[in-house]
Amino acid sequence: MHPRQPIPNINIGQVYDQRYADAQVHYDKLSNLAGFFGRNMPVHRHDRFFQVHYVQSGAVRVYLDDRQYLESGPMFFLTPPTIAHAFVTEADAEGHVLTVRQQLVWELIGADPALAPAPQVPPACVALGRLGAGFAGEVRRLECLFHELQQEIDGQGAGREPALQALTRLLLISLLRLSANSLEARPARHEDLQIFHRFNELIEAHYLEHWPLGRYAGQIGVTEARLNDVCRRIADLPSKHLVYERLMQEAKRLLLFTGSSANEICYQLGFKDPAYFSRFFQRYAKAAPGEYRARQGLVTSPVPGH
């Protein structure tokens, strides 16, 4: 048996956007975070932070601990601090991601314990389109509040910080109210999840070495066919695509957040032929490396080395 690696803890304000390193609230569009971290988000946790993904459109596969959900927007999933979770979003999925320090949530529950009847806030996955007419007003309010939060984040009006705090509190109240309607989890084979998570761990450790799939499968102790079958069932993606997506994720990061040339990035990513790297990148990004850099521009400022 291979030893399990610690589940990585991701602090959004440190690894994604340093402007929010000490902030109580972090917000961004789902597509921006997916462009940085990738559409396949391996298992991770957020110590001392609650996080909610509000998916307006597109399908998402969510794993909250060992609970599996497959749902299309409009929906949201709420992950309390330390809850291990993973998810895969469709390429065109869009929505909002809100990350909040746990003290802010605890203050709300302390003011009105009815917001969380259980001793601890459980993870939740809620299909908003399936809720009855009695929830229509709360669902509309949730959508409106996320829109208003995005407007405040993008603006620089007077009172911006207290407005963000107030909007976040209102959002959390709606989310906690609706979380009681969490979907029933789909059954997920524990062994499949173990194989999938182990595969993602190995990709992270060795993607720059361009391991063949057979070597990944061998390290896990399964056949290539079994590995591919697990990836298709868990993420609806072939195993090779997950490796390529991690390479593309790093290529995009280097193009956006460093001054390295495409040739330099090619060698940093373990490719030996710049022409092949360019074709590889264009195939998956639908643009040459230089075109992608010019089109995207600088989006955020990650910590050096991430």
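I began with H210, which counts as partly exposed at 30% relative accessibility (buried is under 20% relative accessible area, exposed over 50%, partly exposed in between, with a 1.4 Å probe and protein chains only). H210 has a positive phi of about 55° although it is not a glycine, and I found it in the loop between α6 and α7 (helices are DSSP runs of H or I, at least four residues, and strands runs of E, at least two, numbered from the N terminus).

A note on the source: this is a predicted model, where local features need pLDDT of at least 70, side-chain atom pairs count only at pLDDT 80 or more, and totals for chains, interfaces and linings use all residues. Residues are numbered from 1 along each chain as its sequence is written, and side-chain values use heavy atoms, with hydrogens and water left out.

Next I looked up K286, another non-glycine with a positive phi, about 60°. K286 sits in the loop between α11 (274-285) and α12 (289-296) and is exposed, at 68% relative accessible area.

Then helix α7 (residues 213-220), where I noted L213, Y216, A217 and I220 as buried. Seen down the axis of α7, the buried residues fall within an arc of 95°, so they line one face of the helix (the arc is that of the directions from the helix axis to the C-beta atoms). They pack against α6 (190-206), α8 (224-235) and α9 (239-257) (contact means heavy atoms within 4.5 Å). After α7 comes G221, with a positive phi near 90°.

Last, I checked P74 in the loop between β5 (67-72) and β6 (75-79): the peptide bond from G73 to P74 is cis, with omega near 5°.
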